[in-house]
Amino acid sequence: MLKCRAAWRRLAPLARASSTLCRQNAKRAVLRNERRPDLNCSQMSTAPSGGGRENTLYVVLVGAACLGGGVYAYRTVLGDKQRYQERISEIASRTRRVEPEQQKCSSLVFTLEHSAAVVQETAVEPTPVVPVLPEHAPYLLIGGGTASFAAARSIRARDPRARVLIITDEQDLPYMRPPLSKELWFSDDPAVTETLRFKQWNGKERSIYFQPPSFYVDPVELTKVENGGVAVMTGKKVVHMDVRGNKVRLCDGSEITYDKCLIATGGIPRNMQVIERAGEEVTKRTTLFRKIDDFKSLEKISRTVKSITIIGGGFLGSELACALGRKSADVGLEVMQMFPEKGNMGKVLPEYLSNWTTEKVRREGVQVLTEALVKNVNFKEGKVEIKLKDGRVVKTDHIVAAVGLEPNVDLATSGGLEVDSDFGGYRVNAELQARSNIWVAGDAACFYDIKLGRRRVEHHDHAVVSGRLAGENMTGASKPYWHQSMFWSDLGPDVGYEAIGIVDSSLPTVGVFAKATAKDTPKAATEQSGTGIRSESETEAVAGKMSPTLSTPIPPVAKDDYGKGVIFYLRDNVVVGIILWNVFNRMPIARKIIKDGEQHADLNEVAKLFNIHED
């Protein structure tokens, strides 16, 4: 069709010219003859007469035009066919030239991909992916200790869909601290520092961690989980609080907002100024015992040095002294303990019982130095030299400073929180609230006890009780602190005691004792309760089920025979504290006595409530 149209464009001018010439000839003929021309072609003549020359010319011209048009059309068609074939050949040759280039490009792509794979395989360490941490937590708990875990458990109990975020500067999940100075030291497992599993006095084995990692939610997924959960962000420290904005800033600069916040930052082991001034050589040979890393470090040190000296005669110092003393015979370790009091736990126990406890510690293989006031410490001839104010000198390889705890109140300034000038710690009300939407629990809380007044307590069970109460109040319970926490200490598996309330050796005391039996030991107590953390097994309901044996007379006890008994601490003739010496599973009774707050004319009768004379 395209070829015919091209031929027509070339023939059309010739045809129009021929048609015009024919019309002109016909017009002239009419003018000459004054008649219409006979257009019947069959009448035309080629003869010379009658105008035949013009007709002959017309026929020749038309024939030539047709012949020329036919020749042109033939040549055009033939040329188009030739050009078509050339075009097809050109396209075919171009395809053959492109194919090698495409193959070359594909080979290059494969080479690049292969090189990338090789680079990826040979990379030493890929670039770490920084997880996106939650920007908001409905319940934010600062600190990863017992108080935080107890609060988280309490919050979830009252609000099953709650989302709780715990932030701790330690690298470990929440764990219990008491075994660090007790049961872990009596383990037969050589890998105990790695497993952190221990056998309780009753032989049952458990982990130091409250829950396995599977119990917790990934912090990144906390806002996405349908039924909420508890997440722990380890290795992070809160350095600033914006109370008005309900948000905190972490050490890496990130910020997290909250609806309710709990501060459970615990405490920091207190060091002695004479040790801090002694220089680097003494500092690196000193342990401030508090965390898992401290236990691992001291356990390793106890197997490599020849002597360790513990400074401090309180709960922690006496427990570590007994633990290391029992171990000393097996590893050839010399263990010494020194303190300024006249006997072990002299600030808590009455003098006669403190002296008895000191002898018990000595029987464990510990050299006890009483009334020892440290004057200065220095490093000399490969040993740490401790000079006392009375002139005595002690040379040792390593020091354990167990001289108390400083409550961690670093957030007081930025948060505008009040610190108690007498007891230390954040000052809170009876509901453990410091400010609107902010609560404090554990060692860092200086709370108002509705029975005993303003207090601050540094024990495991107080962390459990206060953490649980704070968690309830964060969910709207509005309960005051009245459930007295207890604490306990074990001097090995044979001697232990539990205490509640204000136990201060400066207060008047009354002690009632009886002869101990094989059942009156920490080991027997855990066999009966099934747990080494005795405070977790006791319940308030037990107090109502116990009945005193008032008709049983109190037999006389031989002097210095303090096998088991009850010590009452008095203030204005009212019992404000009780120690159960090798008497276990009776704490609810002691709690009820303090809660009642009554004056007692004869505490011997009160002692019968504990049935200490039963075999």
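Colleague: What makes the link between the side chains of Asn344 and Ser318 a polar contact?

Modeller: Their side chains come to 2.9 Å, and a polar contact is a pair of N or O atoms within 3.5 Å, where within protein one must be able to donate a hydrogen and the other to accept it, and residues adjacent in sequence count only if both atoms are side-chain atoms. So the Asn344 and Ser318 pair qualifies. Bear in mind that this is a predicted model, where local features need pLDDT of at least 70 and side-chain atom pairs count only at pLDDT 80 or more, while totals for chains, interfaces and linings use all residues. Side-chain values use heavy atoms, with hydrogens and water left out, and residues are numbered from 1 along each chain as its sequence is written.

Colleague: Why is Asn344 called buried?

Modeller: Its relative accessible area is 0%, and buried means under 20% (exposed is over 50%, partly exposed in between, with a 1.4 Å probe and protein chains only). So Asn344 counts as buried. Asn344 sits in the loop between β12 (334-338) and α10 (351-363); helices (H or I, at least four residues) and strands (E, at least two) are DSSP runs, numbered from the N terminus. Leaving aside neighbours within four places in sequence, the residues in contact with Asn344 (heavy atoms within 4.5 Å) include Gln337, Phe339, Thr357 and Val361.

Colleague: How do you know that strand β5 is largely enclosed?

Modeller: Five of the five residues of β5 (residues 229-233) are buried, so the rest of the structure largely encloses this strand. Both faces are covered: Gly229, Ala231 and Met233 lie on one side, with Val230 and Val232 on the other.

Colleague: And what makes β2 and β5 a pair?

Modeller: Two strands pair if DSSP finds at least two bridges between them. β2 (residues 163-167) and β5 have five, in the parallel sense, so they pass. In one of them, Ile166 has Val232 as its bridge partner.

Colleague: Why do β19 and β23 count as edge strands?

Modeller: The open sheet runs β19-β22-β23, with mixed pairing. β19 (426-427) and β23 (453-455) each have a single partner strand, so one side of each lacks a neighbour in the sheet. β22 (residues 445-449) pairs with β23 over three bridges, antiparallel, and Asp449 stands opposite Gly453.
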